[in-house]
Amino acid sequence: MIIAANLKTNLTRKETKKYINEVDAYITSCNSSQEVLVFPAMSSLDTYKSSVVVGAQNAYPTDNGAFTGEIGLTHLNEFDIKTILIGHSERRHILGETQEELVKKFNYFKELGFKIVYCVGEPLEKREAGKDVMMEYISTQYEGIDTQYENLIIAYEPVWAIGTGLTPTLDDIKDIHKELKDKSSAPLLYGGSVKVANAKEVLSIENVDGVLVGSAALCAEDFCKMIEFA
Ligand code: PEP
């Protein structure tokens, strides 16, 4: 099981430091070898602890250079960051990243051996159009992606479930995960309104290899409970 927290643009550096200290203290206290990933805001990439893998929510596929507002490999290297989140729906739909750009990013960090958490998931209108349309849409998000990459983790995150409190039924998650496992044998996380109240059930679904948690992971105590469930 892999338990991952996407802190987005939420906790500040000071808050993230406290947060990671709390998560680290919990993991250390139970002598757990649970794989825990935390994706903090860019300003907190240096707040690591040995029990927690800190990853970048984004980076530009370059060493460094004239790419205003972005960070590149040199910056990640300074903090020994070797994990990156690619294809999150907020980057696809709010920041307008195209599949072509994501593939470039994917290939760049793949060549460097990064652990890549690659997100896929459908918006509500695709889900409402029926399973075939939905799966066809999700398939487009696999285009150009090396699904056999050994350091790949896929996160299935229905866009309409992110931050909304809505989730697919457990049977729907089971069904979609089964189909996605046919596309790639990489560990497959579920993300979208996972919280303490539903994490245990979600983690028990066949082909769910962990969870990627946004809002509910902002509270270290809750995130630790999900680690405990795993
Ligand atoms: C996410 O943004 O990756 C996410 C899963 O968010 P939330 O848990 O808030 O739905």
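The model is predicted: local features need pLDDT of at least 70, side-chain atom pairs count only at pLDDT 80 or more, and totals for chains, interfaces and linings use all residues. Residues are numbered from 1 along each chain as its sequence is written.

The protein contains nine helices and eight strands. Helices (H or I, at least four residues) and strands (E, at least two) are DSSP runs, numbered from the N terminus. The radius of gyration is 17 Å, close to the 17 Å that the globule rule gives for 230 residues, so the protein is as compact as a globular protein of that length. This radius is taken over C-alpha atoms, and the globule rule is 2.2 Å times the number of residues to the power 0.38. The C-alpha trace spans about 45 × 45 × 30 Å along its principal axes. Of the 230 residues, 40% are buried. A residue is buried if 20 or more other C-beta atoms lie within 10 Å of its own, exposed if 12 or fewer, and partly exposed in between, with C-beta atoms placed from the backbone. Among contacts with a separation of 6 or more, 68% link residues 24 or more positions apart. A contact requires C-beta atoms, placed from the backbone, within 7 Å of each other.

Strands of a sheet pair through backbone hydrogen bonds, either parallel or antiparallel. Here, eight strands form an open sheet with parallel pairing, in the order β3-β2-β1-β8-β7-β6-β5-β4. The edges are β3 (53–54) and β4 (83–86), each with a single partner strand, so one side of each is left without a neighbour in the sheet. Two strands count as paired if DSSP finds at least two bridges between them.

Strand β6 (residues 152–156) is mostly covered, with five of its five residues buried. Leu152, Ile154 and Tyr156 point one way, while Ile153 and Ala155 point the other way. Strand β5 (residues 115–120) runs parallel to β6 and is joined to it by five bridges. Valine 120 has tyrosine 156 of β6 as its bridge partner. Three bridges join β6 to the parallel strand β7 (residues 188–191). In this pairing, tyrosine 156 stands opposite tyrosine 190 of β7. The chain passes from β6 through helix α7 (residues 170–183) to β7 in a right-handed β-α-β crossover. Right-handed means that, with the strands pointing away from the viewer, the path from the first strand over the helix to the second runs clockwise. Two bridges then pair β7 with strand β8 (residues 210–213), again in the parallel sense. Tyrosine 190 has valine 211 as its bridge partner in β8.

The ligand has 13 residues around it, of which Ile162, Gly163, Gly191, Gly214 and Ser215 come nearest. A residue is near a molecule if its C-beta atom, placed from the backbone, lies within 6 Å of it. The shell divides into five nonpolar, seven polar and one charged residue. Ala, Val, Leu, Ile, Met, Phe, Trp, Tyr, Cys and Pro count as nonpolar, Asp, Glu, Lys and Arg as charged, and the others, Gly among them, as polar.

Most residues other than glycine have a negative phi. Lysine 8 has a positive phi near 50°. Lysine 8 lies in the loop between β1 (2–6) and α1 (13–29). Asparagine 207 also has a positive phi, near 70°. Its loop joins α8 (196–203) and β8.

Terms used
Two residues are in contact if their C-beta atoms, placed from the backbone, lie within 7 Å.
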